[in-house]
Amino acid sequence: MSKRSKQTNLVHGGTKRSQWNEVSEAIFLTQGFVYDTAEDAEARFIKTGEDEYIYARYGNPTVAMFEERMALLEGAEDGFACASGMAAVNGALMSLLKAGDHIVSARALFGSCLYIAEEILTRYGVDVTFVDGADLAQWQAAVRPDTKAVFFESMSNPTLELVDIAGVAEIAHQVGAKVIVDNVFSTPIYSKAFEQGADVVVYSTTKHVDGQGRCLGGVILGTKEHIRGVVEPYMKHTGGSMSPFNAWVQLKGMETLSLRVKAQTASAGALAAALEGHDKLTRVIFPGAASHPQHDLAMRQLGAGGTMLAFEIAGGKEAAFRFLNALEVAIISNNLGDAKTIATHPATTTHQRLTPEQRAQLGIGDGLIRFSVGIEDSDDLIDDVLQALAAV
Ligand SMILES: *Cc1c(COP(=O)(O)O)cnc(C)c1O
């Protein structure tokens with residue numbers, strides 16, 4: 001199975017059929033499992049074998065299909081499916097760390113990831129050093145012999161700054177630290193994170209994997225030893241496991257994942273090109289464009305620009321709101337990776353909690369718009385953005 005291409009695995013990978021031999025993956029919407037005898041129950045609690053289950057918090061056949069398909073897609077040995085992206089980020093970090101450990105984290109983090117790094121880990125005695133993720137010299141200066149892990153988003157939200165996975169991994173591995181990557185913006189379609197040195201890769205599958213705005217999910221990917229030995233005991237006892245229903249929705253989402261992400265990327269590129277140099281914009285950020293300061297790294301690391309772009313409208317919040325309110329195709333929301341194009345004003349929504357100084361440090365101006373490009377006709381999207389800019 002693993003020798004097949006990503007696209008084939010997205011359709012067939014991990015499929016397990018019941019005695020009915022159904023075409024579409026079955027939803028095993030069950031909390032538990034029946035044992036034929038008391039001896040069978042005892043034996044299964046002593047050692048749970050392949051394709052044997054005890055309780056849905058520990059594992060479930062539909063969830064197992066999702067985990068196997070995600071692991072095949074990413075080129076990981078194994079994966080643990082989680083209730084949300086945040087359950088995955090929390091599980092990846094908390095399952096590994098203990099009081100007295102040190103980690104180094106990029107500063108540009110999704111709000112809830114920042115909360116875990118800044119508030120929760122420190123509360124439990126983990127020492128956290130924040131660095132500018134794009135600056136390898138800062139990673140080099142921050143790692144110590146007792147650094148247990150490094151953590152970063154490979155492409156940051158919302159300013160689409162990349163972290164060089166191979167470069168950070170080389171630095172982290174010098175001191176034996178594990179490299180934990182939140183890879184949402186890079187997408188599992190373009191990711192080669194394990195080849196580039198990541199030890200653990202985390203996704204919010206709420207984003208591109210579901211891709212149709214239906215349900216939350218997350219996954220932690222890594223070696224079999226790490227996932228079953230470190231991650232699973234933490235997750236199954238603390239309750240962050242994925243529901244079988246959500247696993248089923250997202251398994252079906254994976255069948256079309258690559259088609260959607262590639263179409264979204266093409267439209268994002270077309271939109272970025274149409275906006276480059278527009279007189280109402282002070283900058284356009286798209287990693288697939290030669291104007292992006294890390295374009296070469298984006299091409300080396302991902303081979304594509306991704307499905308997201310951002311642009312700064314001259315005139316601050318007032319101009320940004322006028323633009324958003326004039327959009328007719330794109331919707332105003334805060335998810336990303338969706339089939340529907342979504343426009344977000346980070347300064348007043350996703351990054352509202354930060355102080356103006358913190359936002360300035362991350363390059364989040366009052367005129368900045370984050371654009372998650374969907375699968376609508378790209379000419380319609382370009383027309384929509386241009387007419388909304390004309391209204392500014
Ligand atoms: C959305 C997101 C998360 C959190 O995922 P949820 O599914 O919303 O819990 C974590 N990291 C990044 C980069 C995200 O975009």
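1. A salt bridge is counted here when a side-chain nitrogen of Lys or Arg lies within 4 Å of a carboxyl oxygen of Asp or Glu. By that rule E67, D78, K224, R228, E232 and K236 are linked in a network of salt bridges. The whole structure holds 17 salt bridges.

2. On the basis of the note: this is a predicted model, in which local features need pLDDT of at least 70 and side-chain atom pairs count only at pLDDT 80 or more, while totals for chains, interfaces and linings use all residues. Residues are numbered from 1 along each chain as its sequence is written, and side-chain values use heavy atoms, with hydrogens and water left out.

3. E67 and R228 form a salt bridge, with 3.5 Å between the closest N and O atoms. The pair links distant parts of the chain, since E67 belongs to helix α3 (residues 61-74) and R228 to helix α9 (residues 224-238), 161 residues apart. Helices (H or I, at least four residues) and strands (E, at least two) are DSSP runs, numbered from the N terminus. As for cover, buried means under 20% relative accessible area, exposed over 50%, and partly exposed in between (1.4 Å probe, protein chains only). E67 counts as buried because its relative accessibility is 10%, whereas R228, at 28%, is partly exposed.

4. Which residues form salt bridges with R144? D127 is one of them, its closest N and O atoms to R144 being 3.1 Å apart. D127 lies in strand β3 (residues 127-131) and R144 in the loop between α6 (136-142) and β4 (147-153), so the pair ties together parts that are 17 residues apart in sequence. The side chain of D146 also meets R144 in a salt bridge, at 3.0 Å from N to O. Relative accessibility is 35% for D127, 30% for R144 and 37% for D146. D127 is therefore partly exposed; R144 is likewise partly exposed, and so is D146. As a general point, side chains of opposite charge can pair when their charged atoms come close.

5. Next, the sheet. Five strands form an open sheet with mixed pairing, in the order β8-β9-β12-β11-β10. The edges are β8 (281-285) and β10 (331-332); each has a single partner strand, so one side of each is left without a neighbour in the sheet. Two strands are taken as paired if DSSP finds at least two bridges between them. Strands of a sheet pair through backbone hydrogen bonds, either parallel or antiparallel.

6. The pairings can be followed across the sheet. β8 and strand β9 (residues 308-313) are antiparallel, with 4 bridges, and L281 stands opposite I313 in β9. β9 in turn is joined to β12 by 5 bridges, again running antiparallel; here E312 has L368 in β12 as its bridge partner. Strand β11 (residues 342-344) is antiparallel to β12 as well, over 3 bridges, with T344 partnered by R370 in β12.

7. Is strand β12 mostly covered or mostly open? The strand (residues 368-372) is mostly covered, as 5 of its 5 residues are buried. Both faces are covered: L368, R370 and S372 are buried on one side, and I369 and F371 on the other.

8. A88 is another buried residue, with a relative accessible area of 0%. A88 sits in helix α4 (residues 85-94). The C-alpha atoms of A88 and V219 are 5.7 Å apart, although 131 residues separate the two along the chain.

9. Two surface patches complete the note. Patches are made of residues with over 30% relative accessible area and no salt bridge, with like charges joined within 9 Å and nonpolar side chains (Val, Leu, Ile, Met, Phe, Trp, Tyr) within 5 Å. The areas come from the Shrake-Rupley method with a 1.4 Å probe, and for residues only the protein chains shown count as cover. I27, L29 and F245 make a nonpolar surface patch of about 280 Å². L29 is placed in the loop between α1 (6-12) and α2 and is exposed, at 61% relative accessible area.

10. The other patch is one of negative charge, where D36, E39, D40, E42, E50, D51 and E52 gather on the surface. Lys and Arg count as positive and Asp and Glu as negative, without His and the chain ends; a charge is placed at NZ of Lys, CZ of Arg, CG of Asp or CD of Glu. E42 belongs to helix α2 (residues 38-46) and counts as exposed, at 52% relative accessibility.
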